[in-house]
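This report looks at a few residues, a core and a pocket in one protein. Please keep the sequence and the structure in view while reading.

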Amino acid sequence: MGMVVRVDARINPPERVMRGLGVNTTGRVQNFLTARVLLRMRRYMPWLEGTMATSQTMQLSPSMIVVNAPQARYLYHGVRMRDPNGGGPFPVKDETGRVVTFRYRKGAHPVPTGVPLDYTHAHNPLAGPYWDRTLVQREGARISQEVSEYVRRLKR
């Protein structure tokens, strides 16, 4: 004769479990993921002086990284831009007269020319356009593994 077993399983809904672990747009897991992306993304960013990749790139919230540099869009897309109405980009020089960046006239809306940028690879050999996408392609699996390990540590 068989034995009858009664099971009373009471589990929290997945949304509640995820929220408890910090798996939401403002939670601990999201914050950890964003910090890992920021740390690793810098090695794919253009680096002439390093200012854009360091002091002008920051984690603004648990789910947002901002590159607050005037040349960021231009460098991100990796193509030369031009002002359709003329006027730039103009070189911006430091106190020694050395060109440090380029700016467009105020109010300009530059358009891509299709001519690719030539990135320097002296500091960041992997520098190029679309640095977030390149990071995911090259290191996405490793970052996913790190997040999984982090979640396992939280559950203990």
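The model is predicted.

**Asparagine 124**

Asparagine 124 sits in the loop that runs between β6 (111-116) and α4 (131-155). Is asparagine 124 buried or exposed? Its relative accessibility is 5%, and because buried means under 20%, asparagine 124 counts as buried. The side chain of asparagine 124 has a polar atom 2.8 Å from the backbone oxygen of arginine 42. Setting aside residues up to four places away in sequence, asparagine 124 touches Arg42, Arg43, Tyr44, Met45 and Trp47.

**Proline 46**

Proline 46 belongs to the loop between α2 (28-41) and β1 (57-61). With a relative accessible area of 11%, proline 46 is buried, because the cut-off for that class is under 20%. Beyond its neighbours within four places in sequence, proline 46 is in contact with Met52, Ala53, Leu75, Tyr119, Ala127, Gly128 and Trp131. One of these, Leu75, is 29 residues apart from proline 46 along the chain, yet their C-alpha atoms are separated by 7.3 Å.

| Residue | Loop between | Relative accessibility |
|---|---|---|
| Asparagine 124 | β6 (111-116) and α4 (131-155) | 5% |
| Proline 46 | α2 (28-41) and β1 (57-61) | 11% |

**The nonpolar core**

Which residues of the largest nonpolar core touch the most other members? They are Met45, Met52, Leu75, Trp131 and Val147, out of 20 residues in this core. At least two residues of the core come from each of α2, α3 and α4. The most come from α4, which gives six residues. As for methionine 45, when residues up to four places away in sequence are not counted, its contacts are Met52, Ala53, Thr57, Val67, Asn124, Ala127 and Trp131.

**The largest pocket**

The largest pocket has a volume of about 980 Å³. Its lining is made up of 32 residues, and those nearest the centre are Gln71, Tyr74, Leu75, Val100 and Thr101. Two or more lining residues are given by each of α3 (72-77), β3 (79-82) and β5 (99-103). The element that gives the most is β5, with five residues. Sorted by class, the lining holds 18 nonpolar, seven polar and seven charged residues. Leu75 is named both in the core and in the pocket lining.

Definitions and conventions: Residues numbered from 1 in each chain as written. Predicted model: local features only at pLDDT ≥ 70, side-chain atom pairs only at ≥ 80, totals over all residues. Heavy atoms only, no water. Helix = DSSP H or I, 4+ residues; strand = E, 2+ residues; numbered from the N terminus. Buried < 20%, exposed > 50% of the residue type's maximum accessible area, 1.4 Å probe, protein only. Polar contact = N/O pair within 3.5 Å; in protein donor to acceptor, adjacent residues only side chain to side chain. Contact = heavy atoms within 4.5 Å. 1 Å grid on protein atoms, 1.4 Å probe; cavity = no way out; pocket = protein on both sides within 12 Å on 5 of 7 lines; lining within 4 Å. Points joined across faces, edges and corners; volume = space filled by probe spheres on them. Nonpolar A, V, L, I, M, F, W, Y, C, P; charged D, E, K, R; others polar. Core = buried A, V, L, I, M, F, W, Y, C linked by side-chain atoms within 4.5 Å.
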